[in-house]
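User: I would like a close look at one part of this model. Please focus on charged side chains and how they pair.

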Amino acid sequence: MTSTSIIIVPGWRDSGPGHWQTLWAERLPQARRVVQDDWHTPTRSAWVARLEETVLEQPGPVVIVAHSLGCITTAHMKPEAAARVRGALLVAPADPERRAVLSDFARCPTPRCLTAAFWWPAAMTRTAPSAWLAPMRAPGAASLCACRTQGTSMWDSGHGEWPLGRRYCNR
């Protein structure tokens, strides 16, 4: 039986040494981290292609663990790669319309390729991009969870290993 891989998708400017995503990547044997060629001036086509490549390289289903711009990158995946995703933890989704350097990611799509397999917990609807809410309510084989945190970065705010996030991921 093929195990589920965890695909860690950092956001704009990557996740540093003390960031929870970095710590998870170091400690979870089934985790694979997406490494982008350009962390500072991202382009949607390059970022999405690298994520899709990482997902499709895995031998079985995947769970996405995305942060910031990584969440928006995940929403832009094409159906072939998205079909391999069994769940997603989307943490503090970026708003690409608020920063010029991220504008290539603007007009964040409804993740149409994810709607059949994911749902959005009612408790999280305040933080969800409004276009994502209706399609994400249908129950399915896995779950999608979005969280927003206080402050600009989880490691600066003291989350470190972020055990609550690990519990979300394990679900």
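What does arginine 33 count as by relative accessibility: buried, exposed or partly exposed?

Analyst: Arginine 33 counts as partly exposed, at 24% relative accessibility. Buried means under 20% relative accessible area and exposed over 50%, with partly exposed in between (1.4 Å probe, protein chains only). This is a predicted model: local features need pLDDT of at least 70, side-chain atom pairs count only at pLDDT 80 or more, and totals for chains, interfaces and linings use all residues. Residues are numbered from 1 along each chain as its sequence is written, and side-chain values use heavy atoms, leaving out hydrogens and water.

Arginine 33 forms a salt bridge with aspartate 14, at 2.6 Å from N to O. The term requires a side-chain nitrogen of Lys or Arg within 4 Å of a carboxyl oxygen of Asp or Glu. The pair links distant parts of the chain, 19 residues apart: arginine 33 is in strand S2 (residues 31-33), aspartate 14 in the loop between S1 and helix H1 (20-27). Helices (H or I, at least four residues) and strands (E, at least two) are DSSP runs, numbered from the N terminus. Aspartate 14 is partly exposed too, with 25% relative accessible area.

The count comes to four salt bridges. One of them joins arginine 50 and aspartate 37, at 3.2 Å from N to O. Arginine 50 lies in helix H2 (residues 44-57) and aspartate 37 in the loop between S2 and H2, so this pair ties together parts 13 residues apart in sequence. Arginine 50 is partly exposed at 23%; aspartate 37 is exposed at 70%.
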